[in-house]
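Hi,

Here is the structure I promised to pass on.

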Amino acid sequence: MTDPAALGRALAQDIEARAPFRYLTEGEAPDLETAHAIQIECARALEAARGPLGGRKLAWNTAPQMEAFGLTEPGAGRVFASQIRRSGARLNASDYATFAIEPEIAAVLKSPLAPVEGGHDPASVIAAIEVFRPAFEILDPRGFAPGPNAAFSALAADLFAAGLLLGGPG
């Protein structure tokens, strides 16, 4: 039986130590629901060192990407407030095991979106957005490569989230 709390704490320790990426077995993360439960526990453990949530990130949000990873929905991860940097910030390569960036468009919200039964509709999300800004997502995949149970393993480990470099003015 999978223990999401124990696996989440172990993954958080790996992330903080910049240890090589850990692939979970199919028994540890057999499905999307379990991978999400492990990610929640991983985020709780990371929050102790990184502080409160600053935002969310998406991954595998196109049909071909989801199909390639055997998923039925995009992945989402957390970016902690301490990991959000403004344009002009300097990053230290030694802070990452495997530094990577992706160009993004960040939606900056007016205020946090409270959970809603059944999720938010597009109109409520659009109404909550203050501004769109150019951004670079900062990733630390720590040697990740596609393989068996890779998608659930990556999802459980917060999708390599290592920060966001937020441009402006939007």
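Predicted model: local features only at pLDDT ≥ 70, side-chain atom pairs only at ≥ 80, totals over all residues.

Below are my notes on the pockets, the nonpolar cores and a few residues.

Residues are numbered from 1 along each chain as its sequence is written, and side-chain values use heavy atoms, with hydrogens and water left out.

(On a 1 Å grid over the protein atoms alone, a pocket is an open set of points where a 1.4 Å probe fits, with protein on both sides within 12 Å along at least five of seven lines; lining residues have an atom within 4 Å of a point. Volume is the space filled by probe spheres set on the points, which are joined across faces, edges and corners.) Its lining has 46 residues, with Gly55, Arg56, Lys57, Leu58 and Ala107 nearest the centre. By type they split into 28 nonpolar, ten polar and eight charged (Ala, Val, Leu, Ile, Met, Phe, Trp, Tyr, Cys and Pro count as nonpolar, Asp, Glu, Lys and Arg as charged, the others, Gly among them, as polar).

The second largest pocket comes to about 290 Å³. It is lined by 15 residues, and Arg50, Gln83, Asp95, Tyr96 and Ala162 sit closest to its centre. This lining has six nonpolar, two polar and seven charged residues.

Arg50 belongs to helix H2 (residues 32-50); helices are DSSP runs of H or I, at least four residues, numbered from the N terminus. Arg50 is buried at 16% relative accessible area, where buried means under 20% (1.4 Å probe, protein chains only). Leaving out residues up to four places away in sequence, Arg50 touches Ile15, Glu16, Phe80, Ser82, Gln83 and Ala161; a contact is heavy atoms within 4.5 Å.

Cores: the largest nonpolar core has 29 residues, and Leu11, Leu24, Ile38, Trp60, Leu71 and Ala154 have the most contacts inside it. (A nonpolar core is a set of buried Ala, Val, Leu, Ile, Met, Phe, Trp, Tyr and Cys residues joined through side-chain atoms within 4.5 Å.) Apart from that core lies another of six residues, including Val79 and Leu164.

Leu7, in helix H1 (residues 4-17), is buried too, at 11%.

Cheers

How values were computed: Helix = DSSP H or I, 4+ residues; strand = E, 2+ residues; numbered from the N terminus. Buried < 20%, exposed > 50% of the residue type's maximum accessible area, 1.4 Å probe, protein only.
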